[in-house]
Amino acid sequence: LHKKKFRPLSRNKIMSIPNTAHSNVFVYGTLKREMFNHKILAEGVNSGKFIGVGETSKAFKFSLLLSSYGFPYLIQNEEGDVSSSNTAVRGEVYTVNEEKLAELDILENIASGLYKRSVIEVELLTDENDEKIPVEQGEEKNILLAFAYIAGDQEDKSDLAQIEEYTKEIHDEKYVPKGSRPGFW
């Protein structure tokens, strides 16, 4: 994979728009490092390449809910929704090829409507070596476009708990793998 260059978009820097050859994917739950499904992203011939840690750049648009099976839903808030926490959602960014993106679509049950894949803006906070990317006052932020799996309409989410970040502690305590979920799939 070649290094993508940032190009200006208004006052921000932005990586190229995701495409089917190589796309950026923002993961915020069980696909993150140390989580149950990370192996799907990181292993095999078509493994994803870690770009860095990032967070949603338009914080007012997203919140994170914890499902009854211990995996998170990224919820796109309606503009002006005051019932949401409206904090930036932190996750990891990977570059994947078309085959890996198709595998992720299957994992996230796109066909059933559990999630939908959307393009969002992500602010990159660290590089591939987990070193903080400094942004001095007046400098442009490192903004990129990435696919993210946004909650679909399959499950009623009205009573789900809102969380600030999906952590290893939450994962270890609450996550139930697909094969152990009675009648869910």
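Residues are numbered from 1 along each chain as its sequence is written.

Over residues 1-14, pLDDT stays under 50. Where pLDDT is low, the predicted coordinates should not be read in detail.

The largest nonpolar core has 44 residues. Such a core is a set of buried Ala, Val, Leu, Ile, Met, Phe, Trp, Tyr and Cys residues joined through side-chain atoms within 4.5 Å. Buried means under 20% relative accessible area, with a 1.4 Å probe and protein chains only. Val 25, Phe 26, Tyr 28, Tyr 73, Leu 74 and Tyr 166 have the most contacts inside this core. Elements giving two or more residues to the core include strand 3 (22-27), helix 2 (98-107) and strand 9 (142-151). Strand 9 gives the most, with seven residues. Helices (H or I, at least four residues) and strands (E, at least two) are DSSP runs, numbered from the N terminus.

Beyond four places in sequence, Tyr 28 touches residues including Leu 64, Pro 72 and Tyr 149. Contact means heavy atoms within 4.5 Å. Pro 72 lies in strand 6. Pro 72 counts as buried because its relative accessibility is 3%. Among its contacts beyond four places are Gly 29, Leu 65 and Tyr 115. Pro 72 and Ala 151 are 79 residues apart in sequence, yet 8.8 Å apart in space, C-alpha to C-alpha.

Notes:
This is a predicted model: local features need pLDDT of at least 70, side-chain atom pairs count only at pLDDT 80 or more; totals for chains, interfaces and linings use all residues. Side-chain values use heavy atoms; hydrogens and water are left out. Buried means under 20% relative accessible area, exposed over 50%, partly exposed in between (1.4 Å probe, protein chains only). pLDDT is the predictor's confidence in each residue, from 0 to 100.
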